[in-house]
Amino acid sequence: MEQPKADVIFREVQDLRNNFFLVSVLYPALLLWYIEIHSLIFGRPAGINNIPGTYLFALWIVFGLFFPLMFYCTKHITEVRSDGIYVRLVPLNLSSKKIPLHVVEDCKIKVYDPLTGKESDMSQSSKKVSPVVILKLISGEKMLLSSRKPEELCSAIKQATAEY
């Protein structure tokens with residue numbers, strides 16, 4: 001059961017479509033589409049004689065239809081409401097994950113390198129890396145929020161915590 005919606009201060013919907021994921025999902029899909037079409041037209045799979053037709057059909061359903069469709073429909077939704085920060089990965093999460101505003105101690109925009117795990121200020125960044133919003137929680141933990149509009153997200157979080 002969904003909670004009643006509080007006032008939405010900021011909402012961002014990101015499509016998770018970049019070239020790396022596109023290649024990693026579409027290459028097996030196109031390969032299985034080719035094999036399945038070849039087996040329908042010529043009556044036998046292209047170079048795969050050991051796989052029964054039902055297994056090939058199941059592989060085609062999973063990797064040729066399901067994964068590309070899931071990749072196309074996946075969205076990352078970030079909302080700042082008057083009672084907390086809500087993060088959801090649609091359609092994988094059935095409900096939003098709430099970060100209550102009373103546990104947020106500080107909010108900063110920094111550049112984060114996911115390969116090394118290092119943070120740096122925006123002015124010191126020499127590489128082309130996207131900035132992230134880093135939340136410091138009262139427990140001492142840090143939480144990263146990816147955003148295409150980090151300045152707006154950080155100001156919305158500061159506004160919501162000031163009103164809280």
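Me: Buried means under 20% relative accessible area. Buried or exposed, what is Trp60 then?

Reply: In this predicted model, Trp60 is buried, because its relative accessible area of 14% is under the 20% cut-off.

Me: And how about Phe57, what's its relative accessible area?

Reply: Phe57 comes out at 42%. That makes Phe57 partly exposed, because the value falls between the 20% and 50% limits.

Me: Let's back up a bit. How many helices and strands are in the protein chain?

Reply: There are three helices and eight strands. Going from the N terminus, the order is β-α-α-β-β-β-β-β-β-β-α.

Me: How much of the protein chain is buried?

Reply: Of its 164 residues, 30% are buried.

Me: OK, rings now. How many aromatic pairs are there?

Reply: The count is four, taking ring centres within 6.5 Å as a pair. One of them is Phe57 with Trp60, a tilted pair with 5.6 Å from centre to centre and 40° between the planes.

Me: Where do Phe57 and Trp60 lie?

Reply: Both are in helix α2, which covers residues 53-73. They are three residues apart there, about one turn of the helix.

Me: Why is the pair of Phe63 and Phe67 called edge-to-face?

Reply: Their planes are at 75°, so they pass the cut-off of over 60 degrees, and their ring centres are 5.1 Å apart. Phe63 and Phe67 are four residues apart in helix α2, again about one helical turn.

Me: What are the relative accessible areas of Phe63 and Phe67?

Reply: Phe63 has 32% and Phe67 has 38%. Phe63 is partly exposed, and Phe67 is partly exposed too.

Me: Which residues do ring pairs link into a cluster?

Reply: Trp33, Phe57 and Trp60.

Me: What sits over the ring of Tyr86?

Reply: The charged end of Arg81 does, 4.0 Å from the ring centre.

Me: New topic, Glu12. Where is that one?

Reply: Glu12 is in strand β1, residues 8-15. Glu12 is buried and has no salt bridge.

Me: What does the side chain of Glu12 make a polar contact with?

Reply: With the side chain of Ser147, at 2.5 Å.

Me: Which residues does Glu12 touch?

Reply: Leaving out residues up to four places away in sequence, Glu12 touches His76, Ile77, Thr78, Ser147, Arg148 and Lys149.

How values were computed
Residues are numbered from 1 along each chain as its sequence is written. This is a predicted model: local features need pLDDT of at least 70, side-chain atom pairs count only at pLDDT 80 or more; totals for chains, interfaces and linings use all residues. Side-chain values use heavy atoms; hydrogens and water are left out. Rings of Phe, Tyr and Trp (its six-membered ring) pair if their centres lie within 6.5 Å; planes under 30 degrees apart count as stacked, over 60 as edge-to-face and the rest as tilted. Helices (H or I, at least four residues) and strands (E, at least two) are DSSP runs, numbered from the N terminus. Buried means under 20% relative accessible area, exposed over 50%, partly exposed in between (1.4 Å probe, protein chains only). A charge sits over a ring if NZ of Lys or CZ of Arg is within 6 Å of the ring centre and within 35 degrees of the ring normal. Lys and Arg count as positive and Asp and Glu as negative; His and the chain ends are not counted. A salt bridge is a side-chain nitrogen of Lys or Arg within 4 Å of a carboxyl oxygen of Asp or Glu. A polar contact is a pair of N or O atoms within 3.5 Å; within protein, one must be able to donate a hydrogen and the other to accept it, and residues adjacent in sequence count only if both atoms are side-chain atoms. Contact means heavy atoms within 4.5 Å.
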